[in-house]
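Please keep the sequence and the model in view while reading the points below.

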Amino acid sequence: MKDYSLLGISGSLRSDATNRKLIREASRFFAPADYVEADIQMPLYNADAEERHGIPSEVTLLSKQIAAADAVVVSTPEYNKGPSGALKNAFDWLSRAQGSPLKGKPVAVMSASAGRAGGERAQTILRNFLVPFRPRILQGPELHVASCTNEFDDNDELCNPLYIDCLRELMQILRQEVDLVKMTETARVA
């Protein structure tokens with residue numbers, strides 16, 4: 001087992017989505033680490049359904065995956081000037097789950113979009129979605145992969161040196177944040 005664990009959350013449900021490719025690239029630059037990719041395909045949040053059936057197993061699993069990870073990487077597409085509905089729905093459900101798995105958790109946010117802004121608006125809104133959970137959201141560097149379908153090679157790796165350098169730096173800072181959290185927890189126990 002490796003010393004670090006990373007959870008990737010893609011705001012796009014497509015198996016070949018560029019945001020999925022981007023979180024996998026993040027795991028490559030964060031490595032060595034155990035990497036898990038979350039599945040946010042879950043029913044739409046409905047308070048009546050929650051009251052009748054409780055929290056869906058998919059939500060409980062996501063909550064446990066977040067709690068088990070040292071850090072989380074979230075990448076969102078931009079749909080109609082905002083994050084995907086699937087991603088918003090996952091966070092709506094997560095807010096109903098037991099505990100606060102994101103509280104104090106280092107989180108890196110990024111985006112990939114076909115537009116020329118690379119999902120910048122969606123990423124800004126996503127950061128606001130995360131605030132109530134009280135994670136340690138990295139402030140930068142901000143990574144917005146524009147014209148994203150042209151930015152990955154045949155091996156699904158980023159090919160633009162500017163994006164590569166930005167992601168490498170972001171993952172280095174995320175690792176430093178994890179080390180800071182671990183050091184603080186160790187000092188608290190001692």
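## Briefing on the predicted model

Asn 80 is exposed, with a relative accessible area of 81%; exposed means over 50%, buried under 20%, and partly exposed in between, for a 1.4 Å probe and protein chains only. The model is a predicted one, in which local features need pLDDT of at least 70 and side-chain atom pairs count only at pLDDT 80 or more, while totals for chains, interfaces and linings use all residues. Residues are numbered from 1 along each chain as its sequence is written, and side-chain values use heavy atoms, with hydrogens and water left out.

**Backbone features**

- Most residues other than glycine have a negative phi, and most peptide bonds are trans.
- Asn 80 is not a glycine, yet it has a positive phi of about 55°.
- Asn 80 lies in the loop between strand 3 and helix 4; helices (H or I, at least four residues) and strands (E, at least two) are DSSP runs, numbered from the N terminus.
- Arg 134, likewise a residue other than glycine, has a positive phi near 60°.
- The loop between helix 5 (120–130) and strand 5 holds Arg 134, which counts as exposed at 55% relative accessibility.
- The peptide bond from Ala 31 to Pro 32 is cis, with omega near 5°, and Pro 32 belongs to the loop between helix 1 and strand 2.
- Gly 140 and Pro 141 are also joined by a cis peptide bond, with omega about 5°; Pro 141 is in the loop between strand 5 (136–137) and strand 6.

**Salt bridges**

- Side chains of opposite charge can pair when their charged atoms come close.
- The whole structure contains 12 salt bridges, a salt bridge being a side-chain nitrogen of Lys or Arg within 4 Å of a carboxyl oxygen of Asp or Glu.
- One of them joins the side chains of Glu 37 and Arg 20, at 2.7 Å from N to O.
- This pair links distant parts of the chain, with Glu 37 in strand 2 (residues 34–37) and Arg 20 in helix 1 (residues 18–30), 17 residues apart.
- Arg 20 is buried, with a relative accessible area of 11%, whereas Glu 37 is partly exposed at 23%.
- Lys 21 forms a salt bridge with Asp 156, the closest N and O atoms being 3.3 Å apart.
- That pair also links distant parts of the chain: Lys 21 is in helix 1 and Asp 156 is in the loop between strand 6 (143–145) and helix 6, 135 residues away.
- Lys 21 also meets Asp 16 in a salt bridge between their side chains, at 3.8 Å from N to O.

**Surroundings of Glu 78**

- Glu 78 is located in the loop between strand 3 (71–76) and helix 4 (85–94), and it counts as buried at 15% relative accessibility.
- Its side chain makes a polar contact with the side chain of Arg 121 at 2.7 Å; a polar contact is a pair of N or O atoms within 3.5 Å, where within protein one must be able to donate a hydrogen and the other to accept it, and residues adjacent in sequence count only if both atoms are side-chain atoms.
- A polar atom of the Glu 78 side chain also lies 3.0 Å from the backbone nitrogen of Ala 122.
- Apart from neighbours within four places in sequence, Glu 78 is in contact with Ala 112, Ser 113, Gly 119, Glu 120, Arg 121 and Ala 122, contact meaning heavy atoms within 4.5 Å.

**Lys 88 in helix 4**

- Lys 88 has its place in helix 4 and is partly exposed, with a relative accessible area of 31%.
- The side chains of Lys 88 and Asp 92 make a polar contact at 2.6 Å.
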